[in-house]
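Student: Can you walk me through this one? I have the sequence and the model open.
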Amino acid sequence: MNIFSQVNDELRPKLEVNHNVHAFYYAWYGNEATDGKYSHWNHPFLPHWEKRISELYATGKTHKPPDDIGANFYPLLGAYSSRDPVLLRKHMEQFVLAKIGVLVLSWYPPEKADEEGSPASEQFIHSFLKLANAYNLKVCFHIEPYAGRNASSVKEDLKHIIEQYGSHPAFYRTKDPRQLAVNARDLPLVYVYDSYLTPAEDWNKILTHKESKNSIRGTEYDALVIGLFVERAHKETIRMAGFDGFYTYFASSGFTYGSKQANWMSLKLYARDENLIFIPSIGPGYIDTNVRPWNDKNTKHRDNGNYYETSWKKAVEGDIPSFISITSFNEWHEGTQIEPAMSEKSVFVDHILGKPKSGTFQYESYGKNPDLYLDLTRNWVEIFTDMKH
């Protein structure tokens, strides 16, 4: 019998996952069958900041799904819709199979949107939480940049998130690993992408313990707020801002100071010295040349899973982190997904990797096993779980 054929309250505790392992999840995909149009799969080729380089490519031209999509890999489940309940159940099953306990949902406030215009609606998130709960999964939020975002607006975002979803059993709360008291309060945990775009002194007004009407500390909206660590200089700004900790996000080692795995040991020491939570972001590889055709220098080949395993080894080396994040479950545009991909897929396109020539484009592959990265993740989550015990 398929363990997932009937998920109920009695079965849920048997679905063993680790809620200290988080994977970034994107619910921004749409297709004609479910949504009446494609979203994100038809991603355009993005321009380079130098016009002379952009002119070498088909900048602005869009992909033509379902076979031609804005990604270097092709999903085993096809050019799906994130609004398809059958699809969402399959994703939840894959999380459980990989023993990942938390879906980190990319989130914009109501009335805001990503550049493709497909944010997760309130109704969707409530349904998403309900479904996650059926699989013993938790959901936390990855607050994306949006027009006008600042520290004050993020404070309002936190209030909205906690008021709207905080009472749901699948809403992720966890103890602050820096607190030794067994009766310490469970707090929401949120990631803030591109947090460095807001000055540290502005964050400080809402994230410190100063007696201020602006601070979230000690209020019902208190949370573990995790900022993005990019440049070396962010050692100072993360601390000054009052963030509880930091994550590295990018799956291309060396793309930033924070994402360079050789720097993680020193970042662990820095976090320990400053009483911060360090959440390394591991990834299976990186390739985005079917969206940014000029960006091949940041490609990190998967090497049959070896790149991913090295990333895990670096994450648990030395001090074992309280949490590990995975970039990503399904960010297909940047080729960081661990979601199963087709082993063989090709398509005739007008622009091969954004170049002004037509021909057959061959999608990348994991090899013969579409589930390779779910399998590797499960193995490493088990190792990580044993280490923490």
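Predicted model: local features only at pLDDT ≥ 70, side-chain atom pairs only at ≥ 80, totals over all residues.

Student: OK. Is strand E2 buried or exposed?

Tutor: Eight of the eight residues of E2 (residues 100-107) are buried, so the strand is largely enclosed by the rest of the structure. Buried means under 20% relative accessible area, with a 1.4 Å probe and protein chains only. Strands are DSSP runs of E, at least two residues, and helices are runs of H or I, at least four, numbered from the N terminus.

Student: How many bridges join E2 to strand E3?

Tutor: Six, and E2 and E3 (residues 138-143) run parallel. Leu103 has Val139 as its bridge partner in E3. Strand E1 (residues 18-25) is also parallel to E2, with five bridges. Two strands pair if DSSP finds at least two bridges between them.

Student: Switching to helix H3. What covers its buried residues?

Tutor: The cover includes E1, E2, helix H4 (122-134) and H10, where contact means heavy atoms within 4.5 Å. Among the buried residues of H3 are Leu87, His91 and Phe95.

Student: And Met387, where is that?

Tutor: Met387 sits in helix H10 (residues 372-388). At 37% relative accessibility, Met387 counts as partly exposed, a class that lies between buried and exposed (over 50%).

Technical notes. Residues numbered from 1 in each chain as written. Heavy atoms only, no water.
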